[in-house]
Amino acid sequence: MSELAQRQLDLVRALVDGGPTPEGFDASALGVAAAALLRKRAGAARHHIPVAAASLGDRFGPLFTQWATHRPKSDSAAEAHEFIEHLYSIGELDRPMTARRFRPAARWFSVRRYRR
């Protein structure tokens with residue numbers, strides 16, 4: 001790997017993975033840029049899950065930041081749905097009633113159909 005490629009990789013790690021500040025960069029400026037990138041990701045997630053974002057209110061940003069820190073970015077829609085699953089798992093949001101009511105039946109039909 002060339003020196004330039006290594007420096008670029010170090011910069012990306014510092015911005016999105018909490019890596020150490022590469023030589024020649026200002027640590028506070030990198031912190032500001034990293035926070036801005038997390039806010040941008042939170043905004044994209046908020047766009048995909050507006051009802052959850054509205055129900056969480058001001059807690060949405062901090063919860064998303066805590067969850068997304070040290071987690072590689074993926075497709076915005078997929079990331080939003082992974083975040084929702086995380087919120088369900090920690091009890092921050094309740095699973096919609098229809099999802100709870102029909103999940104066992106859906107599992108029964110899918111298992112039953114393939115066991116023939």
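1. A definition to start: helices (H or I, at least four residues) and strands (E, at least two) are DSSP runs, numbered from the N terminus. With that in hand, Asp94 sits in the loop between helix 5 and helix 6 (97–114). Please keep in mind that this is a predicted model, in which local features need pLDDT of at least 70 and side-chain atom pairs count only at pLDDT 80 or more, while totals for chains, interfaces and linings use all residues. Residues are numbered from 1 along each chain as its sequence is written, and side-chain values use heavy atoms, with hydrogens and water left out.

2. Now the overall picture. The protein has six helices and zero strands, and from the N terminus on its elements run α-α-α-α-α-α. Its accessible surface comes to about 8300 Å², of which 58% belongs to carbon and sulfur atoms; such areas come from the Shrake-Rupley method with a 1.4 Å probe, and for residues only the protein chains shown count as cover. Buried residues make up 21% of the 116 residues, where buried means under 20% relative accessible area, exposed over 50%, and partly exposed in between (1.4 Å probe, protein chains only). Among the contacts (heavy atoms within 4.5 Å) with a separation of 6 or more, 37% are between residues 24 or more positions apart.

3. On to the pairing of helix 1 with helix 2. The axes of helix 1 (residues 3–16) and helix 2 come within 8 Å and cross at roughly 65°. Here axes are lines fitted to C-alpha atoms, for helices over the stretch in contact, and angles run from 0 to 180 degrees between N-to-C directions. Leu11, Ala14, Leu15 and Val16 in helix 1 meet Leu30, Ala33, Ala34 and Leu37 in helix 2. The residues of this contact divide into eight nonpolar, no polar and no charged; Ala, Val, Leu, Ile, Met, Phe, Trp, Tyr, Cys and Pro count as nonpolar, Asp, Glu, Lys and Arg as charged, and the others, Gly among them, as polar. Ala34 of helix 2 counts as buried at 15% relative accessibility.

4. Helix 4 deserves a look of its own. In helix 4 (residues 60–68), Phe60, Leu63, Phe64, Trp67 and Ala68 are buried. They lie on the same side of helix 4 because they cover an arc of only 120° around the axis, the arc being that of the directions from the helix axis to the C-beta atoms. As a reminder, an α-helix has 3.6 residues a turn, so residues three or four places apart point the same way. The buried residues pack against helix 2 (27–48), helix 3 (50–56) and helix 5 (76–89). On the other side of helix 4, Pro62 and Gln66 are exposed, with Pro62 at a relative accessible area of 53%. Just after helix 4, His70 takes a positive phi of about 65°.

5. Next, the core. The largest nonpolar core has 18 residues, and those with the most contacts inside it are Ile49, Phe60, Phe64, Phe83, Ile84, Leu87 and Leu93. Helix 2, helix 3, helix 4 and helix 5 each supply at least two residues of this core. A nonpolar core is a set of buried Ala, Val, Leu, Ile, Met, Phe, Trp, Tyr and Cys residues joined through side-chain atoms within 4.5 Å. Leaving aside neighbours within four places in sequence, Phe60 is in contact with Ala42, Ala45, Arg46, Ile49, Ala53 and Phe83.

6. Glu79 is in helix 5 and counts as buried, at 2% relative accessibility. Not counting residues up to four places away in sequence, Glu79 touches Arg41, Phe64, Trp67, Pro72, Lys73 and Ser74. Asp94, by contrast, is exposed, with a relative accessible area of 65%. The C-alpha atoms of Asp94 and Ile84, 10 residues apart along the chain, are separated by 10.0 Å.
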